[in-house]
Amino acid sequence: MARIILRDGKVADFREASDCDLDRQILRELFSRVSPESLYFRFFHAVRYVSESFIDSLLNKASDIFTLLCVAGETLLGVGTYTRQGDHTAEVAFMVDDRLHGKGIGTLLLEHLAEHAWANGITQFVAYILEDNYKMIQVFTTSGYEVKSKHDSGMIQLALPLVKTERIRALQEMREKMASAASLEPFFKPETVAVVGASRDMEGLGHQLFRHVLDGDFARVVYPINRNARSIGGVRAYPRLTEAPEAVDLAVLVVPADQTMAVIDDCIEANVRAVMITSSGFSDQSKEGQELEREIVTKLRAHGIRLIGPNSLGILNATDAIRLNASFVPEFPARGQLSIASQSGALGMAILGYATRIGVGIAHFVSMGNKADVSGNDLLQYWEDDTDTEMIVLYLESFGNPRKFSRIARRITRVKPILVVKGGRTVGGASVSQARGRIFGHQDMFIEALFDQAGIIRLDSLPELFDVAAFLAHQPLPQGRRVAILTNTAGGAVMAVDALAQQGLELVHAPVDLGFEQLAQGYRTVLPQLLRDPAVDAVMVIYVSIGSTDAVDVMNAVAQAIHEADTTLTVKDGSGRKPVVANFLTTADQGVRILDATSRKVPVYPFPEQACKALKKAIVYAEYLTTQRGHEPDLESVEGEKAREFIRSSQSLEDGLLDHQVAYAVLAAVGIDLLSIPLLPFTIRIEMDRSFGMMFGITAGAMRSITSAQLIRLLPLTDLDVAEILQFIEKNGMVLEENDKERISHLFFALSRLIDEVPDISGLVIDDKGEIQLYKAVDN
């Protein structure tokens, strides 16, 4: 079963039909309620009713028909089938409930049928459609697949090769993004909120959350739901959701876990659009709680209702148009462009507090809790096109779907930075085993590869997170690594120079030391000169206080100097605004602070090392933005079906290992001739990771040690990934001629495409002697 989100944001499930009373009944009901026109378009002649024998054929798994159902609970929304017409071709057909036309169900049925067909050896769909069935024709023509049509006596015959192209993937991702974003609208922009469990007890959690909604000056309507109170906080209360005077978009449940299911039933009866559960006691505590959580999700999905939580500390929208604080955060944060999602509610609240202290405003905050339904991937897709969000912060303890996360993040980071705090960097006791599946070592290497490919800024701690967030929120991105230092202390300058070197940044010239005479005037005069210097990409300002009066004067002078430079420098002459980081060595708070320079705000760090780290992260992100978007080239020489036939018709040895002759034949089917490629003193390995999917790795030598130089990437590979791999090869001692680069690039692209098109492969190794090991997926 696969959960899908329709264009209107409602949730449904796809599953294979089975020969059972339920599926037989829901098929009868669908065919009986669709219009005569829909039946005519499906069967090409007038039909009064659909016969039992036809329904039997849809449910008979021994036949050549595969049937896919789109269901919401026990209601069938649509059905799609494909019928084999040979070894590699199948006829595809659909029927969608008339009331749901235009919701994208037909398109989604086609996508999922194509995925299943491709995995089962089918390379082409054909479809027969009446010429005036415009809606079905549109499903095919907008699918992204290359459609070949043939007209004959009022009938159109369509042929769809099922090979995935970049265009198909882009269209599928766009549809998924739009549907996912629509499904989250009730959380972020609800017209009506109900707090179930709001009480008159001022110490109770339900009262506190309801009070936070009121105190935040929510711009819409909120109702307290309480069986025993006439009013709460001066607002009329209602005993049940079903008795609220108007439809509820968002229901916030602040009730014990054992009372939750009854409230969920009320949510369904009241047609609530979204639910957030703050209670703990579910999968976070016990197997019984996990089962209860599963039952709640199943019931909500059956009625198209999204869920945040359980075990969530709430959701917050700080935009002026909404001002919703449906959370346990006591103070409403300052308005800004930072959106935050946190798996840990407590740490999420700490992030909000820190953001407020350093002057980084908030757009949205979500405590995801157990992530039973709404995940970080869903939130990313909502924030991708959200005009109120300019920067995204994630605190993650685990990944739900890393490959999907990578695809989404690669799109977003081109327009908005994503900052992630994710633990688990250390290898600890992990060791590299020669056994298959363990050669890459610690899983953190996969996470690092994912973040690197996607342009994500990874941080190790919350203080480092906000060191970088303060920079990105207020400073222009650096155009290079050349840094000038302006200081009044030689000791501070030495610390800064060392920190720059450690971060791989370039000191433009010797630090400018102003000494302790006429400090304010010195900063006021010299800083604009450094910012105008075309050889400078960023400036670090260091100041050691020698008196309270001097400190205020110097801060004012620095602010004035930056404002002067901002108002006189232009992009046209190549001297546009440049980033400034400040380091005031004082006895004040050890966190980052903000200096208001009118034209912009400047982050002030307590130590040079923090300033340099933040600057380095911003530079790396800026360098990522200068690269072109990666794409997967379409290779004409790839015969994926031929490769699949070789594998399927071959017997594997122990652990799925295939014979060498089969391995070479499979590679030849996708245009790989190892004899034409220079012998690489590297080992190439592709293997399956349960969390991350297929991983590509290249390691110097025979991969006998975790200390060996290695590069890991998630598949599929783009042209940018392959360029990095070539750089890695050259960096580790191999000189490549241009024709060698072309052949090796083709090797990597073809391997990536092979893995993408042939799901029968579980792993592949090409060692430093040119020998190959190819593994066939085997059932455990």
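Analyst: We will take the features in turn, starting with strands. Keep in mind that this is a predicted model.

User: Which strands pair with β3?

Analyst: Begin with the general idea. In a regular strand the side chains alternate between the two faces of the sheet. Now the case here. Strand β2 (residues 11-16) is joined to β3 by 4 bridges, and the two run antiparallel. Asp 13 stands opposite Val 71 there. Strand β4 (residues 75-84) is also antiparallel to β3, with 8 bridges. Thr 67 has Thr 81 of β4 as its bridge partner.

User: What lies between β3 and β4?

Analyst: A turn. The two strands form a hairpin with 2 residues between them. Look at Gly 73 in that turn: its phi is positive, about 70 degrees.

User: Is the pair Arg 15 and Asp 23 buried or exposed?

Analyst: Check each partner against the 20% cut-off. Arg 15 is at 17% relative accessibility, so it counts as buried. Asp 23 is at 0% and is buried too. Their side chains meet at 2.6 Å, N to O.

User: Which salt bridges link distant parts of the chain?

Analyst: Take two examples. Glu 52 and Arg 28 meet at 2.7 Å, N to O. Glu 52 is in helix α3 and Arg 28 in helix α1, 24 residues apart. Glu 52 is partly exposed at 36%, and Arg 28 is partly exposed at 31%. The other example is Lys 404 with Glu 176, at 2.9 Å, N to O. Lys 404 sits in helix α12 and Glu 176 in helix α6, 228 residues apart. Lys 404 is buried at 14%, whereas Glu 176 is partly exposed at 28%.

User: Which residues are linked in a network of salt bridges?

Analyst: Glu 173, Lys 177, Glu 384, Asp 385, Arg 407 and Arg 411.

User: Last, what is the volume of the second largest pocket, and which residues are closest to its centre?

Analyst: The volume is about 870 Å³. Of its 40 lining residues, Phe 94, Asn 133, Lys 135, Met 136 and Val 139 are closest to the centre. By class, the lining has 19 nonpolar, 12 polar and 9 charged residues.

Methods: Residues are numbered from 1 along each chain as its sequence is written. This is a predicted model: local features need pLDDT of at least 70, side-chain atom pairs count only at pLDDT 80 or more; totals for chains, interfaces and linings use all residues. Side-chain values use heavy atoms; hydrogens and water are left out. Two strands pair if DSSP finds at least two bridges between them. On a 1 Å grid over the protein atoms alone, a cavity is a set of points where a 1.4 Å probe fits but cannot get out, and a pocket is an open set with protein on both sides within 12 Å along at least five of seven lines; lining residues have an atom within 4 Å of a point. Grid points are joined across faces, edges and corners, and a volume is the space filled by probe spheres set on the points. Ala, Val, Leu, Ile, Met, Phe, Trp, Tyr, Cys and Pro count as nonpolar, Asp, Glu, Lys and Arg as charged, and the others, Gly among them, as polar. A salt bridge is a side-chain nitrogen of Lys or Arg within 4 Å of a carboxyl oxygen of Asp or Glu. Buried means under 20% relative accessible area, exposed over 50%, partly exposed in between (1.4 Å probe, protein chains only).
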